[in-house]
Amino acid sequence: MNKRVAIIGSVGLPANYGGWETLVDHLTMNLSDQYDITVFCSSGRYNVQLDSYNGASLEYINLDANGIQSIPYDILSIYRSLKFADTILILGVSGCIFLPFVKLFGKSKIIVNIDGLEWKRGRWGKFAKWFLKLSEGVAVKFADLVITDNKAIQQYVTDEYGIASELIAYGGD
């Protein structure tokens, strides 16, 4: 039996939004024969809701994967994945505030790919910035593995949290 992997934090598949979705598209295209992959998708972004894509199962959440709804979207996705996933890949940190409960009650391995320094973006108000920074700290502390996509963010994680992250740069297959 293949290991079961849940991918959380993207809008979903087929990829039609941005970078996380392109990453998920590549992961499912290249790894679905080795893993049983479930991708959580934002139902409002898809007129047609497929059962599977690239060999991965698709599960829909009736929340937006972006903006303020990304927090409950990610938490609900994480909660649902605890029922079946050996490994949970979380793209971004907005729902990672839930990870202490996952580690307490679940057995899944947690991999978090932090999305730069989301909490520093000008589009967020004070509370949102505080919450995203807090969630980033929780993500780094409770993840089994942290992935960063460039050397500057990798150095930030080392300096800020004292942990080593795996560097996986974007831009290539």
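How many residues does helix α2 have, and how far does α2 reach from its first C-alpha to its last? These close-ups come from a predicted model, where local features need pLDDT of at least 70, side-chain atom pairs count only at pLDDT 80 or more, and totals for chains, interfaces and linings use all residues. Residues are numbered from 1 along each chain as its sequence is written, and side-chain values use heavy atoms, leaving out hydrogens and water.

**View 1. Helix α2, end to end.** With 12 residues (70–81), α2 reaches 16 Å, close to the 16 Å expected at 1.5 Å a residue; that expected span is 1.5 Å times one less than the number of residues. Helices here are DSSP runs of H or I with at least four residues, strands are E runs of at least two, and both are numbered from the N terminus.

**View 2. The buried side of α2.** Look for Ser-70, Ile-71, Tyr-73, Asp-74, Ser-77, Ile-78 and Ser-81, the buried residues of α2 (buried means under 20% relative accessible area, with a 1.4 Å probe and protein chains only). Down the axis of α2 they fall within an arc of 165°, so they line one face of the helix; the arc uses directions from the axis to the C-beta atoms.

**View 3. Strand β5, covered on both faces.** Thr-87, Leu-89 and Leu-91 are buried on one side, and Ile-88 and Ile-90 on the other.

**View 4. β5 and its partner β6.** These two strands pair in the parallel sense over 5 bridges (pairing takes at least two DSSP bridges). Ile-90 stands opposite Val-112 in β6.

Methods. Buried means under 20% relative accessible area, exposed over 50%, partly exposed in between (1.4 Å probe, protein chains only).
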